[in-house]
Amino acid sequence: MESVQPPAGSQVSRVPAQRTPPEQLAPPAPAPVPERPRRRLRTVLSVVAGLLALLCVGGGVTGFILYDRATAPDRSAPDVVVVNYLQALLVARDDNKAALFTCDGSIPSVDGFRDQIVRREQELGVSFSINVENVAASKTDSSNATVTAVIRRSASVDGVQQSLTDSWRFAVRQQDGWHVCSALPL
């Protein structure tokens, strides 16, 4: 066997090659992580959109609550419910709104009084101005009360201002707010 000699002038050593054991080798350099594109604008827009959505929902809920409170009939006290009932029935002449203030719908005695007012207005060709005055409440117990009120009907007939008064007693009951249950003229 012929030994192979390196060419003259070569830098190859005649010592067998020595390798570093693998446990002593430095770990290979990790591949560079690709740089993420900047999404700052997207993040800012997402935060702004989220805040606007929360504001809209909060505004909607607030609006609903305020609307509900503003349109709910006031049945907070016996005298208040009687005045509101009479205003709805005799002034606005709105049976549906008046029913919101009663125990069981209409109250025949007051409905008859309103019909009498309407007939008299037609006979005289005038429109009465209705005022509720001298309202006084007295509780009989924690869930029942009596309210007295004077209903004044005023009109100008043939150029002369005229006025009539009628005194009434109302029985009211507390059942999820005060409600008018009955009424009698005094």
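**Close-up views of a predicted model**

**View 1. The whole chain.** The protein has four helices and four strands, taken as DSSP runs (H or I, at least four residues, for helices; E, at least two, for strands) and numbered from the N terminus. Their order from the N terminus is α-α-α-α-β-β-β-β. This is a predicted model, where local features need pLDDT of at least 70, side-chain atom pairs count only at pLDDT 80 or more, and totals for chains, interfaces and linings use all residues. Residues are numbered from 1 along each chain as its sequence is written, and side-chain values use heavy atoms, with hydrogens and water left out.

**View 2. Helix α2 and its buried residues.** Pro 78, Val 81, Val 82, Tyr 85, Leu 86, Ala 88, Leu 89 and Leu 90 are the buried residues of α2, with buried meaning under 20% relative accessible area (1.4 Å probe, protein chains only). They cover an arc of only 170° around the axis, so they sit on the same side of α2; the arc is that of the directions from the helix axis to the C-beta atoms. Their cover includes α3 (95-99), α4 (108-124), β1 (129-141), β2 (144-157), β3 (160-174) and β4 (178-185), through contacts (heavy atoms within 4.5 Å).

**View 3. Lining of the largest pocket.** Look for Arg 120, Leu 124, Phe 128, Arg 153, Ala 155, Val 157, Gln 162, Ser 163 and Leu 164 (lining residues of the largest pocket). A pocket is an open set of points on a 1 Å grid over the protein atoms alone where a 1.4 Å probe fits, with protein on both sides within 12 Å along at least five of seven lines; lining residues have an atom within 4 Å of a point. At least two lining residues come from each of α4, β2 and β3.

Technical notes
Buried means under 20% relative accessible area, exposed over 50%, partly exposed in between (1.4 Å probe, protein chains only).
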